[in-house]
Amino acid sequence: MTKVPYDNLTELLLNVVKQRPAMYLGQKHISKLPNFILGYQFSDMISRQNPDFYFGEKGFLDWYVDKYCPPPTSFWQDYFLSQTGNDESKALDLFFERLAEYHDWYNSNFPGQINIDMNLK
């Protein structure tokens with residue numbers, strides 16, 4: 001069995017989806033990302049195979065809101081859209097930048113719980 005280049009959602013997003021977002025999301029649009037994440041979580045909930053540190057001890061969205069204090073919104077992707085003039089592609093790029101920041105923060109605060117090789121192909 002071939003090992004996939006990720007062990008959790010954060011690794012999948014940063015090492016796979018980020019490289020070819022249109023292939024995985026249908027378009028390089030941040031508004032497509034929530035359904036992808038929900039599908040992953042549903043699949044993982046059924047299979048219980050991969051630990052999911054995306055929402056971790058302090059999840060990405062909680063971390064993001066605490067750090068950047070965006071205005072309240074009903075949909076988390078609006079945080080990124082509002083910062084990029086509603087440009088879907090730039091909002092997705094910004095999401096990946098912030099997710100990488102979260103990854104670094106998480107690794108420094110919870111060492112050994114998530115270890116993402118950012119150079120996986």
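This is a predicted model: local features need pLDDT of at least 70, side-chain atom pairs count only at pLDDT 80 or more; totals for chains, interfaces and linings use all residues.
The protein has six helices and zero strands, where helices (H or I, at least four residues) and strands (E, at least two) are DSSP runs numbered from the N terminus. Of its 121 residues, 40% count as buried, and buried here means under 20% relative accessible area, with exposed being over 50% and partly exposed in between, for a 1.4 Å probe and protein chains only.

Let us now look at helix α1, residues 9-17. Nine of the nine residues of α1 are buried, so this helix is largely enclosed by the rest of the structure. Which elements do the buried residues of α1 pack against? They pack against α2 (21-25), α3 and α6, with contact meaning heavy atoms within 4.5 Å.

Let us take α6, residues 88-109, from that list. Two packed helices are described by the angle between their axes and the distance between the axes. The axes of α1 and α6 come within 11 Å and cross at roughly 130°; axes are lines fitted to C-alpha atoms, for helices over the stretch in contact, and angles run from 0 to 180 degrees between N-to-C directions. The two helices are therefore oblique to each other, since angles under 35 degrees count as roughly parallel, over 145 as roughly antiparallel, 65 to 115 as roughly perpendicular and the rest as oblique. On the α1 side, T10, L13, L14 and V17 meet F95, F96, L99, A100 and H103 in α6.

L13 and F95 come up again in the largest nonpolar core, where they are among the residues, out of 30, that touch the most other members. Such a core is a set of buried Ala, Val, Leu, Ile, Met, Phe, Trp, Tyr and Cys residues joined through side-chain atoms within 4.5 Å. α6 gives the most to this core, with nine residues.

Finally, Q77 lies in helix α5 and is buried, with a relative accessible area of 12%. Not counting residues up to four places away in sequence, Q77 touches I30, S31 and P34.

Notes:
Residues are numbered from 1 along each chain as its sequence is written. Side-chain values use heavy atoms; hydrogens and water are left out.
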